[in-house]
Amino acid sequence: MKKLMCVINQPPYANSHVLELLETAMVAAVFDMQVSLLFCGEGLWNLLQKQNADPLGQRTVSKVLLAMPDYDVSAIYVCADTLQDKQIDTDEFVLPVTFLNKAAQADLMSEQDAVMGTGT
Amino acid sequence: MIFTVAVHGAPYASFASHHALGFCESLLSQGHQLHRVFFYHEAVLTGLNARVVPQGEENIVQRWLDLKQEHTVELAICIANALKRGVINESEQARYSKPAATLLSEFELVGLGQLIEAVAQSDRYVEFPA
């Protein structure tokens, strides 16, 4: 089973890259890859529960994230350093996550067969 | 080694295509294999058939076509990303009753499954963000 990590470092609704990467993650899971998500930088805002993209005419990212465990994507990681910078209350996250420092992220990445990102 | 390359940036708006081409040409010249080039996000615009390149500017799309011809590389465009950006082939033109097909015939419209299949078949997956 190939391992794929999707690194999300862009905020929701700035462009379509986050939703499009989540689509890729779901397809990879359907193709029997072991998929994990890593949220870092501005990407953390995607995890907030109180989102509503209806006025934008888009899908709400937090709702898409809620569907991830249905696709067997339940390994969801958050950069611990970013969390401290952003001062986000983790009770507001839509899913249970695991916090990783930079060294642990590097270890996890080195175990992957492929890493995909939302871009810079 | 077998490589799959993904491009995320539109030609002329981003240097993603330029960097990806250099990388692809280099890996092929060193005897590696290129399984598939996958154009995602705004990079689907690479496949547009109506582009007029200003004099003195590089014809980046022609370089992709040359690469395909020389090395039989598959140039794959994400169909979901392409349709919503107006990049359609003749069968999609007919399906949605649009006035013209806008995709160069050298490019193929494929699903995301083709990206995942390519990643699974390759030793290395390299992405060129916008």
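Two residues are in contact here when heavy atoms of theirs lie within 4.5 Å. By that rule, B:Ser14 touches B:Gly9, B:Pro129 and B:Ala130, leaving aside residues up to four places away in sequence. The model is a predicted one, so local features need pLDDT of at least 70 and side-chain atom pairs count only at pLDDT 80 or more, while totals for chains, interfaces and linings use all residues. Residues are numbered from 1 along each chain as its sequence is written, chains are lettered from A and ligands numbered from 1 in the order in which they are written, and side-chain values use heavy atoms, with hydrogens and water left out.

B:Ser14 sits in the loop between E1 and H1 of chain B (strands, E, of at least two residues and helices, H or I, of at least four are DSSP runs, numbered from the N terminus). With 16% relative accessibility, B:Ser14 is buried (under 20% relative accessible area; exposed is over 50% and partly exposed in between, with a 1.4 Å probe and protein chains only). The B:Ser14 side chain reaches the backbone nitrogen of B:Ala16 at 2.8 Å.

On to the rings. Phe, Tyr and Trp rings (the six-membered one for Trp) pair if their centres lie within 6.5 Å; planes under 30 degrees apart are stacked, over 60 edge-to-face, and the rest tilted. That gives five aromatic pairs over all chains. One of them, B:Phe3 with B:Phe23, is edge-to-face, at 5.8 Å centre to centre and 75° between the planes. This pair links distant parts of the chain, 20 residues apart: B:Phe3 in strand E1 (residues 2-7) and B:Phe23 in helix H1 (residues 16-29) of chain B. B:Phe3 is buried at 9%, whereas B:Phe23 is partly exposed at 27%. Ring pairs also bring B:Phe128 into a cluster with B:Phe3 and B:Phe23.

How values were computed: A polar contact is a pair of N or O atoms within 3.5 Å; within protein, one must be able to donate a hydrogen and the other to accept it, and residues adjacent in sequence count only if both atoms are side-chain atoms.
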